[in-house]
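Morning, everyone. Let me put the model on the screen and walk you through a few points.

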Amino acid sequence: MADQPKCKCNRWVISLQTAFERDDFEKLFRKAVQSITEEEFQRIPEFRHREDALACLFGRLLLRHSAQKFSGEPWPTIKFERTERGKPFLAVPADTKFGLNVSHQGDYVAFASSCSSKVGVDVMRLDTERNNKTADEYINSMAKSASPEELRMMRSQPTEAMKMTMFYRYWCLKEAILKATGVGIMKDLNSLDFRVNLQDRYRPGAFVTTTTVLEDGRLQDQWIFEETFVDGKHSAAVCKEKKLPRECVFRQDPEAKIFFSKITFDALLENAEIINPMPNNAIDVFEDFMKKPRKTF
């Protein structure tokens, strides 16, 4: 095993658009699809849009890249499996203590890791309009997912954009905790009641950690939430366990801030090895990928 970094906490994002614009995109893509297992690749061709297929590929690579980086395990022997609820976990090497999670929305695939095993991340593009509805109409259509206090907070914001931003803030937080716990889709999202401190300035450049959550009225104080922004159009939330090992930077310095940093396509493949060789060096796979339509935002 290679020397392992002591603290495993990282926050990364990779931009789909930036990757598409690379001159060496085809070369990197063809190596990438052969650097994940056949099982990991299977779902990628099923996506209708190019962005979603690439985001899925990046998610697989982020997990494998981080597992190799943190454990020193050789790239080909790393193995992921899924829980009954579909959450991926690192099976080889076994008995690792750190947690890994990915999320995709808008232009970014986001990654978060923690020194403890339970961590969840969610990223959202802050659209001010959805389905030709006003903010109030959209919030009303999603009301079953929110607690009464969350609805009050969303509806009381002074502008359309601020109402939608608050909606996405809550949605990010709920996705992050569900992914940390491994619950996945939850029937009654309104049982999760997030309480935000309006004195914290929630905007690009912020690092908010004062938000708390109640479940069925009971404070869930085993969690810490990090709320940050990737850029002016994308917000993110990380849910991590409050109890952390001694070597963790967040335990050493409770005021520590780790913002999302951008990782490039070539950096993701830095230590990658071909483990699923494809015919014609994946030329046909790339051509099929390029035939997919792009999303219109």
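First, a term: buried means under 20% relative accessible area, exposed means over 50%, and partly exposed is in between, with a 1.4 Å probe and protein chains only. This is a predicted model, where local features need pLDDT of at least 70, side-chain atom pairs count only at pLDDT 80 or more, and totals for chains, interfaces and linings use all residues. Residues are numbered from 1 along each chain as its sequence is written, and side-chain values use heavy atoms, with hydrogens and water left out.

Start with Asn276. Its relative accessible area is 13%, so Asn276 counts as buried. Asn276 sits in the loop between α9 (265–268) and α10 (283–291). Helices are DSSP runs of H or I, at least four residues; strands are runs of E, at least two; both are numbered from the N terminus. What does Asn276 contact, leaving aside neighbours within four places in sequence? Val33, Gln34, Ile36, Thr37, Glu38 and Phe41. Contact here is heavy atoms within 4.5 Å.

Now the cores. A nonpolar core is a set of buried Ala, Val, Leu, Ile, Met, Phe, Trp, Tyr and Cys residues joined through side-chain atoms within 4.5 Å. The largest one has 43 residues. Phe25, Leu54 and Phe265 are among those with the most contacts inside it. Helix α4 (50–71) is one of the elements that supply at least two residues each.

Beyond four places in sequence, Phe25 touches Ala19, Phe20, Leu54, Phe265, Phe286, Phe289 and Met290.
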